[in-house]
Amino acid sequence: MTVKWVLAHLYLLGCLQHALTECTGATSEFELKGDYLIGGLFDIHHDSGTDYHDRPETIVCSRHRFILSSYRRFQLMRFSVEEINNSTNLLPNVSLGYEIFDHCSDIQNFPGIFNLRFVSDFNQPWDEPLRNSSEMIAVVGTYTSTETLTVAPLFMMDLIPMISYGAASSVLSSKQNFPSFLRTVHPNKKVIEVVFKILQHFNWHWVSFLYSDGDYGKDGQDLFIKKIKDTDICLAYTKDLNPNTDYPQIFRQIELLRVNVIIVFAPEWTAEALIKSAINQNVTNKVWLAGDAWSLHKNLPKEKGIRNIGTVLGVAEPKMIIPGFSDFIYSSKAHTQCENAEQEMFCNQICNCNTVSAEDIITADPSFSFPVYSAVYAIAHALHAVLQCGAGKCNNNITVYPHMVLTELRRSNFTLLNQSVYFDENGDPMSGSYSIVFWNHSGDAEEVGFYHFHPSFQFFINSTKIRWHANGKVPTSFCSKECSAGYSKKQEGIHKCCFKCLLCPNGTYINNTEDPYNCISCMDTEWSKEGSISCSLRLVEYIPFTDTSAVVIMVGAWALVGLILAMFVLFAINYDTPVVKSAGGPMCFLILGCLCLCTLSVFFYFDKPTDSYCVLRFLPFLLFYTVCLACFVVRSFQIVCIFKIAAKFPKLLNLWMKYHGQWLLITVAFIIQAILITIGYSISPPRPYNDSFWYADKIILGCDLNLQATSGSLALLLSLCCLCFIFSYMGKNLPKNYNEAKAITFCLFLLILTWIIFATVSILYHGKYIHTLNALAVLSSLYSFLFWYFLPKCYIIIFQPDKNTQQHFQGLIQNYTKTVSQ
């Protein structure tokens, strides 16, 4: 198959050379003699067929659809060469010529390309390399990306510069594969960037992308998908367009998805078929975003029914008036051009466009006109550098090779019609801009904005110039309506633009700029209501020393200390009296001292808690209150032992007295409690704690007491309370003056009642005053023993001294003995 292909092309080349020989004497728009030739590839006609063949075939371009805008670009190349030749500044004493071919097909125009590439002597021996008899130094073209990718390798292998005025595929920027390719049109990446800016400007999130089935369209689709990745724009629908496309099916799908913005990235003939089909299918109320290939179409904006489809915006090359071009066209059309019919079969150097007037050409779609103009001038400037032109002449003794022109082209940096022309390392133009156009009701593409590239990036749209189809308002396009403030998005399906809105709960907020899909938790020091967009600082609360409740409790604590000291002095003075001895004698002073030390805990329930504050808040009370309870256990036991147990168990009393059982028990209780507290604090000491659970807008400062770590200490206190209650209850019928058991029982009752009340309140209330109540419970526990155990004895000592005698106590004992014996 390969051999047949080569032989067929050799045959075509031979025929082509013959045809060129026949055309040499004719005057044609397609060729011009000169010292140096520039090749030109323009798709004046367009073959939309997609037939595939099993062997090479050629076509006759003039039998296919005539493209007026391409013919205008064809004339622009002719004008550019003539303008340069008529100038004495750029290439003095040097003439440029051209050889232009109608490149109307992507894959069936090889005869013209081969003729342009290899004008050779086919009679030379096969073992000798082909001698290039042409003086062609560069090629201008082609227009589409597929055409360029098809023919470019033929020019790349000898580094013949190929400057495209329309091929925008990103693949062509690769210098490894296309080393001698340059272009004066911006690559697709720039157009997609402008389209993306437009979508962002009008807040359009739900779009469709229709593209031509070729390298140009597929490249645009790939670039668009990459551009909108990780943005809030979603591609709802995408489809390639070709001559066999089912347009009604496309429109039904777009309507089903409720897409209101349609991006069309296709050449003018494909876009024309699409828009006409939209009009016929009665597609309404859409925004159409046109690529630079068809945004300045001259006929479509005037098509009947075009207003019904919606609003058309487009990205376009800036409209530029090229001085002298109109005069050139009028002059050119005034002369009859000779087009040899024998050229048609192979060369495609015939137009058959005699019916086209000068006005038609001048008013045709001006897209890519300046890229053609600047491409020819770039070649001329490069040749100027190669020939070392200056002082009104060029050095004609220099042999010019295409690679020399390529080198200078890469260095190009000149100004043309106030526009800078120079290329980057990929051969793409560095400077320039795009216009943003609107198809107004007069049928014109009105400029409403711009996007400037290098050196400064500027984007602007004057929305007031756009007359929208949606009652004058900017149309919307979304899958799901934007959530209200305070709501997060939960994606539904594969598109992030389709979602439902969820209200952010308390303690969270939504930041739509950073992450619209997740409610962010507030920090521990912050709070928020449901549906918040930010967090507020929590109010930090604690009981300062200056608080009224704190002052009252501390005054009560100092009063307790004062009463303890007073009782201590009173008991010391009356130490040998029966009342003091019946109250416990020396044990009374231990109890009063421990009660005084327990008072220390009260003062550490206020102000900001610290580590030391938290330790001292619980330690004095747990340790010294244990001693108090142990003393009362001993007192209760001694009373019961003397009056009830001694008679039955005299040995037990003797052992108790011999080994000072009361002090032994108190010491053991103290040591056990000290050990338990030390172990508990070692495992988990009380620490400052920020209670942010119960109140959303507050932080209650307190101390965290680990109940598991202190469970041993609390169990010991509870055990002593139980023993004390048992012994005191057993002695409820003892003589009145010795009946401390009743007093102890009542004190225990108040103690238990106090802590039950506190526990109940702490379950129902969690504000800052819970610490005040805790301090009050501690103080009440101390006052209960002071008032109901010691105060009655103080009253007898002070106000009833007659009852504080040995005789009175003996009388009570005798009466009790008689009662018991009866």
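Helix α4 (residues 145-156) lies across β2, β6, β7 (162-164) and β8, and runs at about 155° to β7. Helices (H or I, at least four residues) and strands (E, at least two) are DSSP runs, numbered from the N terminus. Angles run from 0 to 180 degrees between N-to-C directions, with axes as lines fitted to C-alpha atoms, for helices over the stretch in contact. Helix α12 (residues 369-386) also packs on the sheet, where it touches β2, β5 (96-102), β6 and β7 (contact means heavy atoms within 4.5 Å); the direction of α12 makes about 160° with that of β6.

This is a predicted model, in which local features need pLDDT of at least 70 and side-chain atom pairs count only at pLDDT 80 or more, while totals for chains, interfaces and linings use all residues. Residues are numbered from 1 along each chain as its sequence is written, and side-chain values use heavy atoms, with hydrogens and water left out.

The sheet itself is open and mixed, with 6 strands in the order β1-β5-β2-β6-β7-β8. β1 (31-32) and β8 (181-183) stand at the edges with a single partner strand each, so one side of each has no neighbour in the sheet. Two strands pair if DSSP finds at least two bridges between them. β2 (residues 36-42) and β6 (residues 136-140) pair in the parallel sense over 4 bridges, and Gly40 has Val140 in β6 as its bridge partner.

On the surface, Leu563, Phe746, Phe749, Leu753, Ile757, Phe787, Trp788 and Leu791 form a nonpolar patch. α21 (740-764) and α22 (770-799) are the elements that give two or more residues to the patch.

Key: Patch = residues over 30% accessible without salt bridge, like charges linked within 9 Å, V, L, I, M, F, W, Y side chains within 5 Å. Areas by Shrake-Rupley, 256 points an atom, 1.4 Å probe, with all protein chains shown as cover. Salt bridge = Lys/Arg side-chain N within 4 Å of Asp/Glu carboxyl O.
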